[in-house]
Amino acid sequence: MTVSLNAYLLVSGLLFATGLAGVVMRRNLLVIFMCLEMMLSAASLTLVAFSRANLEKGLPDYDGQMLVFFVITVAAAEVAIGLAIIVALFRTRQTVHVDDLNSMSG
Amino acid sequence: MPPLPLILLGLPLFSAAIIGLLLRERQQNTFAALVSTLSALLCLAAGIAFLRAPDGLEVLPLKWIDFGKDLQINLGFTVDRLSRGMMFIVVFIGALVHVFSLAYMKDDESKGRYFGGLSLFMFSMTGIVLADNFIMMFIFWELVGVSSWMLIGHWFQKDSAADASKKAFLINRIGDFGFMIGILILWGLTGAIGFEEIREWLDAHPGATPGLLTAAVLCVFCGAVGKSAQAPLHTWLPDAMEGPTPVSALIHAATMVAAGVYMLARTSFLLESTADDGASFLIFHFTAPGVITWVGAITSLLAALMAMQQDDIKRVLAYSTLSQLGYMVMVVGLLHGSDQGATGMFHLYTHAFFKALLFLGAGAIIYACHHEQNIWKMGGLLKKMPITGGAILVGTAALIAVPFTSGFFSKEEILTAAWHHSFPLFVITALVAFCTAFYMARLLVVVLFGQARDEHSEDAKEVGPLMFVPLVLLALFALISAYPFVRDHLQAFAPEYHGHPLIVTLVSLATCFGGAAVGWLVYRGRESDPLSIPLFRNKFYIDEIYAKLVGIFQDGLAWFMNGLDRLLIDGALVGGLTALTAGIGSTFRRLQTGNLRHYGLLLGGGVALLVYLIVFFL
């Protein structure tokens, strides 16, 4: 039995929501970063699902799958930079706990 | 006949312009004086020729402003007996004052400025005399005020002179404010500003809007109250004596202050129209001429009383001028235009000569006593300065109405008018005549007779011909100017002679000789004033009352503005703006927590919102 498009979208939505919740609620910088990646992967899943669902002459619409490649590449680049920033931050602050990183206050 | 009005108007302006623009250096002072005097003498010649100009001489009016059919302001000229006679007075006394000033101001450092001011004055006064519409008269009215300011404040380095000139101008301005309102009301009513046009309108619409017309006449009278120094706007004239004495003779005795009376005579048709109607307030019923009459009467009485206690020779004469002006205004109102203001103008005409004479004589005395003006430091000057003293005696005789002098005839006309119309006014007029004789006798006895009281008057010598020739000429006119032969030649605007009741003649003689006798008896041989009436000496404290009133009003206004400034501007506007800005600022500042997770939450919330909007609304 084939899985309907809605199911893929639901999963990807849940994945995104979980990532968002993690970004907001977790206190470890690295975990926040990982949740960010989760959100990206949720977006990729959506893209692939739509690519599979919109069939042109029996073949899937490969535009979505192409975009996923780009997204993964960008995600990799972003991770590189992000981790570099986190390492630099750790070197000055000696912590990855978000609550200890407040410097401005209103 | 050359266009005489244009010459009379243009020549002094030309002279003033030359002096003001080209002759500004100290070395050119004397040249400036000569230019101005030459212009005055030429104007005298023109004025004498003008005496024979026919009525309604066609001089093309200079079109000035044209607002379409509603309002056209032209500089036109009136040529009739009234303006010819007045013109002669102005140019004659003007010329004499110029000649006198050549000697009096000989050693003055800024006599160029002085003579420029005199020329400007001659120009402005000529404009008033020849004006044929209200707006032109008003323009020159203000110009006369400006020249008066400039001349009173000639020695402006002295604080009292600068203050006096300011006071004169400001008080004049108050009167002029009323004058302007009156002109505007008349224009609104009749649609015209020219005297002839307004008169025609009134003839064509008898009995139209009486209340408004009365109000207009009273407002126009305000101008005369200011310019001719009637009560309550009289306080500037005594202070104006800070100016040089020839200025006092020209402006504040003979011409400028007479402009108010001239204006009333010129507009006497207005008085005729408002004579019967009037307004009622409680138990008082007043008409415009009635108000004018009583203002004049009160002024003359007040001034006569104040004059009895003054110690400065010029101030005595100034109050005397006030009192005589009060006579003129009173009689103009009393006869409410039934004689076109002739009785008032007749007294103006005779008064101009003898008052100018008295002032110039006082100037000669002041000059001879090295600028001493206190009468209690003078004495015995008749022996030392016989010509001047004699001229002053003649002038005084005319002023107190000694029989057969010019003043006698004009004052008798006034007394007759008062006798026929109102007994209380007759009593006031007679009382003022008595006081006039009294204080002039006081002046004569203290200054001319007796012994010198001070070394300045010990050294007094007779003055030079430039000074005593004008005095002699004026003395001659003071004697003969009332006789019909002279009157007709000089085009004096005088009433027809119809006999006077015997009682009037008796009262006139009694007050004249009685007052003089009492004055002589009281002041003969005194070293200081035996009478001391502080109320009169301090001018009824009117100046102090005014200062107090102005102070209260200004303080009140300042208090109110201060409150307004603090509450409204500092509090509501500036303070309010500050509070608003600070409030908005502090509200938005609460977003800046510095807490990373708060920022993350906001970011996440924003994303969710965006998704929601895109999915469901786009």
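Me: In what order do the elements of chain A run from the N terminus on?
Reply: In this predicted model, chain A holds three helices and two strands. Read from the N terminus on, the elements of chain A run α-α-β-β-α.

Me: Where in chain A is confidence lowest, and where is it highest?
Reply: Chain A as a whole has a mean pLDDT of 90, with 96% of its residues reaching 70 or more. Within chain A, the lowest mean, 82, belongs to strand β1 (residues 55-56), while the highest, 94, belongs to helix α3 (residues 62-93).

Me: How many residues of chain A are in contact with chain B, and how many of chain B with chain A?
Reply: The model that places the two chains together scores ipTM 0.70 and pTM 0.79. On the side of chain A that touches chain B, six residues are nonpolar, four are polar and none is charged. The contact joins 10 residues of chain A to 13 residues of chain B.

Me: Are α1(B) and α2(B) roughly parallel or roughly antiparallel?
Reply: Helix α1 (residues 4-21) of chain B and α2(B) have axes that come within 9 Å and cross at roughly 175°. Their contact includes B:L4, B:I7 and B:L8 of α1(B) and, among others, B:A46, B:G47 and B:F50 of α2(B), and its residues divide into 14 nonpolar, four polar and no charged. Because angles over 145 degrees count in this way, the arrangement of α1(B) and α2(B) is roughly antiparallel.

Me: How do α2(B) and α4(B) lie, roughly parallel or roughly antiparallel to each other?
Reply: Helix α2 (residues 29-50) and helix α4 (residues 111-130), both of chain B, pack with their axes 8 Å apart and at an angle of about 20°. The contact includes B:A33 and B:A40 of α2(B) as well as B:F115 and B:M122 of α4(B), and by class it has seven nonpolar, six polar and one charged residues. Since angles under 35 degrees count in this way, α2(B) and α4(B) are roughly parallel.

Me: What is the handedness of the crossing of α15(B) and α18(B)?
Reply: Helix α15 (residues 342-368) of chain B packs with α18(B) at an angle of about 150°, the axes being 9 Å apart, and α15(B) is therefore roughly antiparallel to α18(B). Among the residues that meet are B:F346 and B:F353 in α15(B) and B:I414 and B:A417 in α18(B). The crossing of α15(B) and α18(B) is left-handed.

Me: Which peptide bond is cis, with omega near 0°?
Reply: The residue B:P232 has its place in the loop between α8 (210-227) and α9 (236-239) of chain B. With omega near 0°, the cis peptide bond is the one from B:A231 to B:P232.

Me: Which residue has a positive phi of about 70° although it is not a glycine?
Reply: The loop to look at lies between α17 (386-399) and α18 (406-421) of chain B. The residue there with a positive phi of about 70°, although not a glycine, is B:A401.

Definitions and conventions. Residues are numbered from 1 along each chain as its sequence is written. Chains are lettered from A and ligands numbered from 1 in the order in which they are written. This is a predicted model: local features need pLDDT of at least 70, side-chain atom pairs count only at pLDDT 80 or more; totals for chains, interfaces and linings use all residues. Axes are lines fitted to C-alpha atoms, for helices over the stretch in contact, and angles run from 0 to 180 degrees between N-to-C directions. Helices (H or I, at least four residues) and strands (E, at least two) are DSSP runs, numbered from the N terminus. Angles under 35 degrees count as roughly parallel, over 145 as roughly antiparallel, 65 to 115 as roughly perpendicular and the rest as oblique. Two residues are in contact if their C-beta atoms, placed from the backbone, lie within 7 Å. Ala, Val, Leu, Ile, Met, Phe, Trp, Tyr, Cys and Pro count as nonpolar, Asp, Glu, Lys and Arg as charged, and the others, Gly among them, as polar. pLDDT is the predictor's confidence in each residue, from 0 to 100. A crossing is left-handed if the near helix is turned anticlockwise from the far one by less than a right angle, and right-handed if clockwise.
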